[in-house]
Amino acid sequence: KTNIVDANSHTEDLKKLRVVNYQFSHQWDEEKEEFTELEELDERHIGLIAQEVEQHLPKLVSDYGGPKSVKYSLLVPMLLQTVQELLDRVAALEGG
């Protein structure tokens, strides 16, 4: 890896993201190559809505002609950096 520099803080961007519970109402049909409506709702999931994420962090959203989706793997380093920043703040407040 080259051109390695510390990343900018993403704390404020992450605060704007809304974590939701949801159920899928459609599924991808491989044969038809399209989404079809489910007869029964899928199990409940937790996550983010890609269209909402795209407003704040567009690089975290993929759109390959189908439905948009969140690139959760890119979110992990941002979350880790934010946790590190918050731990530093807690330590400073505790005097350590």
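The second largest pocket of this predicted model has a volume of about 190 Å³. A pocket is an open set of points on a 1 Å grid over the protein atoms alone, where a 1.4 Å probe fits, with protein on both sides within 12 Å along at least five of seven lines; its lining residues have an atom within 4 Å of a point. Grid points are joined across faces, edges and corners, and the volume is the space filled by probe spheres set on them. His 10, Leu 57, Pro 58, Lys 59, Leu 60, Leu 74 and Met 78 form the lining of the second largest pocket.

Leu 60 also touches Val 53, Ser 69, Val 70, Lys 71, Leu 74, Leu 75 and Met 78, residues up to four places away in sequence being left out; contact means heavy atoms within 4.5 Å.

Leu 57, Leu 60 and Met 78 also belong to the largest nonpolar core, which has 11 residues. Such a core is a set of buried Ala, Val, Leu, Ile, Met, Phe, Trp, Tyr and Cys residues joined through side-chain atoms within 4.5 Å, buried meaning under 20% relative accessible area with a 1.4 Å probe, protein chains only. Helices α2 (50–56) and α3 (72–93) each give two or more residues to this core; helices are DSSP runs of H or I with at least four residues, and strands are runs of E with at least two.

The largest pocket has a volume of about 410 Å³. Among its 15 lining residues, Tyr 22, Phe 24, Pro 67, Lys 68 and Ser 69 are the closest to its centre. At least two lining residues come from each of β1 (20–23), α2 and β6 (69–70).

Residues are numbered from 1 along each chain as its sequence is written. Local features need pLDDT of at least 70, side-chain atom pairs count only at pLDDT 80 or more, and totals for chains, interfaces and linings use all residues, while side-chain values use heavy atoms, without hydrogens and water.

Technical notes. Buried means under 20% relative accessible area, exposed over 50%, partly exposed in between (1.4 Å probe, protein chains only).
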